[in-house]
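This briefing goes through selected features of one protein model. Please have the sequence and the coordinates open while reading.

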Amino acid sequence: MSHYFDPTPRTDDERRTVTVEVWGNRREYATSTGVFSGGSLDKATAILLAESTPPPAGSVVLDLGCGWGPIACSLAEAGSTVWAVDVNERALELTALNAAGLDVHQALPQDVPDDLQFDAIWSNPPIRIGKAALHELLLTWLPRLAPGGEARLVVGRNLGADTLQRWLIDQGYPTERVASSKGFRVLSARRP
C-alpha cells in the first residue's frame, strides 16, 4: 500500500484540478493521487489557513510536509519566501508546478541548506507517521526557527493535539492553542 509519506508513490499519477481561496486569493491547483489529500484541500489545512494571518512580508517560512503546495503558495502570495519540504517526490513536483512564478523553493529535507533559519514554520504535520517519528521530525526542524520564531501547526484533537501541545512545552517551546475549529487545534509554538 502506498502512503502520502512514501518518497516515490506507487499509484498512477492521476492529475486533477482543485480551486482554493485563501486570504482573498482564489487560484487553481494541480493535484494527483499518491500525495496527501490529492482530491481537495483537506479540512485541517483549510482551518490552519482560515484561522491564521500570514507572517510579515519578507519572512522566510518553512512549509513542513508541503503536499501539493496550498500552504506554500498562499504564504508566498502574501510576500514570504517559502521553503516547501516534503519526502514525496510527486508532492514536490506538484508544488513546483503550482508555485510557478512565486518565491517558493521545493526541496527534499536533506536538500535544505544546513545554515538556513526560518522566521516561521507552518505545517499540517504527518501525524500518521507515528508519535516517535513525528517527535523526531519536529525536533529536527524546530531548532531551525530563528529566535522568537513561530511554528504554526494544525492537529486533530482526536489525533493528539493536546498531548502534542504539552510535549512541545516540555521540549522548551512555549505553545498555546490559538484556534479550535471542527475538531482541530491550531497551535503556536515559539522558539524562546
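This is a predicted model: local features need pLDDT of at least 70, side-chain atom pairs count only at pLDDT 80 or more; totals for chains, interfaces and linings use all residues.

Residues are numbered from 1 along each chain as its sequence is written, and side-chain values use heavy atoms, with hydrogens and water left out.

**Salt bridges**

- A salt bridge is a side-chain nitrogen of Lys or Arg within 4 Å of a carboxyl oxygen of Asp or Glu, and the count by this rule is 8.
- Asp 13 forms a salt bridge with Arg 15, at 2.9 Å from N to O.
- Arg 15 is partly exposed as well, at 39% relative accessibility.
- Arg 15 also forms a salt bridge with Glu 93, where the closest N and O atoms are 2.6 Å apart.
- Because Glu 93 lies in helix H3 and Arg 15 in the segment before strand E1 (16-22), this pair ties together parts that are 78 residues apart in sequence; helices (H or I, at least four residues) and strands (E, at least two) are DSSP runs, numbered from the N terminus.
- Glu 93 counts as partly exposed, with 45% relative accessibility.
- Asp 13, Arg 15, Arg 90 and Glu 93 are linked in a network of salt bridges.
- Arg 27 and Glu 77 form a salt bridge through their side chains, at 2.7 Å from N to O.
- Arg 27 is in strand E2 and Glu 77 in helix H2, so this pair ties together parts that are 50 residues apart in sequence.
- Of these two residues, Arg 27 counts as buried at 18% relative accessibility, whereas Glu 77 counts as partly exposed at 31%.

- Helix H3 spans residues 89-98, and its buried residues are Arg 90, Ala 91, Leu 92, Leu 94, Thr 95 and Asn 98.
- The cover over the buried residues of H3 includes strand E2 (25-31), helix H2 (70-77), strand E4 (81-85) and strand E5 (104-107).
- The N-terminal end of H3 is capped by Asn 88, which has a side-chain oxygen 2.9 Å from the backbone nitrogen of Arg 90.
- E4, H3 and E5 form a right-handed β-α-β unit; right-handed means that, with the strands pointing away from the viewer, the path from the first strand over the helix to the second runs clockwise.
- Strands E4 and E5 run parallel and are joined by 4 bridges, where pairing requires that DSSP finds at least two bridges between two strands.
- Trp 83 stands opposite His 105 in E5.

**Ser 123**

- Ser 123 belongs to strand E6, residues 118-123.
- Its relative accessible area is 1%, so Ser 123 is buried.
- Apart from neighbours within four places in sequence, Ser 123 is in contact (heavy atoms within 4.5 Å) with Leu 48, Leu 64, Arg 152, Leu 153 and Val 154.

**Annotated region**

- An unreviewed UniProt entry places the feature "domain: Methyltransferase small" at residues 31-187.
- Over residues 31-187 the chain is 30% helix and 28% strand, with the end C-alpha atoms 27 Å apart.

Conventions. Buried means under 20% relative accessible area, exposed over 50%, partly exposed in between (1.4 Å probe, protein chains only). A polar contact is a pair of N or O atoms within 3.5 Å; within protein, one must be able to donate a hydrogen and the other to accept it, and residues adjacent in sequence count only if both atoms are side-chain atoms. UniProt positions are given in the numbering used here, feature names are shortened, and annotations may be inferred rather than shown by experiment.
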